[in-house]
Amino acid sequence: MNGYTQLLRHIKQTGQPLVSTITQGDIAALDTNDTTLFPLLHVSVGNATFPADGVVRFSVKIGCFDIRDSTGEPNPDAYYDNDNEIDNLNATLAILNRIWLLLKRDTDETNISVSGIPGLEQCTEFSQNLLDGWIMAFEVDTPNILINLCE
């Protein structure tokens, strides 16, 4: 049973060409130190269930964030402020959309099946840092082919 490892590896490989840094683990412990390159993709695999014989279903959250830059110059247009928050939200949403579509497309090749419709939560100034982005939550089914109930 290596579905968990396979899932993490596949998400990392899918996201690598789209972002500068990929981390995994508890999203509350997201590391945003000075050496982190952005945009950042953070993968968190939560609970798991066995919905059928030979299947493991994982709850997955993928957060995509970019650092907010401020011009420091006064901006008369209050709609856009003087930072790149809107650009960050747009770019990180596009990255997550691309990852979702690739995960769906690769189902036959990887035997990892995304199920349902992903939920997306907008985050601004995430984790008390100047990070803007989205967290996408969805479920994934992986085969449990190493354990045979007939043995």
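E85 and R68 pair up in a salt bridge, with their closest N and O atoms 3.7 Å apart (a salt bridge here is a side-chain nitrogen of Lys or Arg within 4 Å of a carboxyl oxygen of Asp or Glu). That pair links distant parts of the chain, since E85 belongs to helix α2 and R68 to the loop between β3 and α2, 17 residues apart. Keep in mind that this is a predicted model, where local features need pLDDT of at least 70, side-chain atom pairs count only at pLDDT 80 or more, and totals for chains, interfaces and linings use all residues. Residues are numbered from 1 along each chain as its sequence is written, and side-chain values use heavy atoms, with hydrogens and water left out.

**Overall layout**

- The chain has three helices and five strands (DSSP runs numbered from the N terminus, with helices being H or I of at least four residues and strands E of at least two).
- Going along the sequence, the order is α-β-β-β-α-α-β-β.
- Of the 151 residues in the chain, 39% are buried (buried means under 20% relative accessible area, exposed over 50%, and partly exposed in between, with a 1.4 Å probe and protein chains only).
- The accessible surface of the chain is about 9,100 Å², and carbon and sulfur atoms account for 49% of that (areas come from the Shrake-Rupley method with a 1.4 Å probe; for residues, only the protein chains shown count as cover).
- Take the contacts between residues at least 6 apart in sequence: 58% of them join residues at least 24 apart (contact means heavy atoms within 4.5 Å).

**Salt bridges**

- In general, side chains of opposite charge can pair when their charged atoms come close.
- The total for this model is five salt bridges.
- R68 also meets D132 in a salt bridge, at 2.6 Å from N to O.
- R68 sits in the loop between β3 and α2 while D132 is in strand β5, so this pair ties together parts that are 64 residues apart in sequence.
- Both R68 and D132 are buried, and R68 has a relative accessible area of 12%.
- Zooming out, R68, D83, E85 and D132 are linked in a network of salt bridges.
- Another salt bridge joins D106 and R105 at 2.9 Å, N to O.
- In that pair, D106 is buried at a relative accessible area of 10%, whereas R105 is exposed at 58%.

**Helix α2**

- Helix α2 covers residues 85-105, so 21 residues, and spans 30 Å from first C-alpha to last, close to the expected 30 Å at 1.5 Å a residue (the expected span is 1.5 Å times one less than the number of residues).
- Its buried residues are E85, N88, L89, T92, I95, L96, I99, W100, L102 and L103.
- They cover an arc of only 165° around the axis, which puts them on the same side of α2 (the arc is that of the directions from the helix axis to the C-beta atoms).
- On the face turned away from that buried side you'll find the exposed residues D87, N90 and R105.
- Cover for the buried residues of α2 includes α1 (3-15), β2 (40-52), β3 (55-67), α3 (107-110), β4 (113-123) and β5 (131-143).

**Helix α1**

- Helix α1 has 13 residues and reaches 18 Å from its first C-alpha to its last, close to the 18 Å expected.
- G3, L7, L8, H10, I11, T14 and G15 are buried in α1.
- Viewed down the axis of α1, these buried residues fall within an arc of 165°, so they line one face of the helix.
- The elements covering them include β1 (21-24), β2, β3, α2, α3 and β5.

**T92 and G133**

- T92, in helix α2, is buried at 1% relative accessibility.
- Leaving out residues up to four places away in sequence, T92 touches C64, F65, D66, D132, G133 and W134.
- G133 is in strand β5 and is buried at 0% relative accessibility.
- Beyond its neighbours within four places in sequence, G133 contacts C64, F65, L89, T92, E121, Q122 and C123.

**Cysteines**

- Searching the whole structure turns up zero disulfides (pairs of cysteine sulfur atoms within 2.5 Å).
- C64 is buried at a relative accessible area of 0%, and C123 is buried at 6%.
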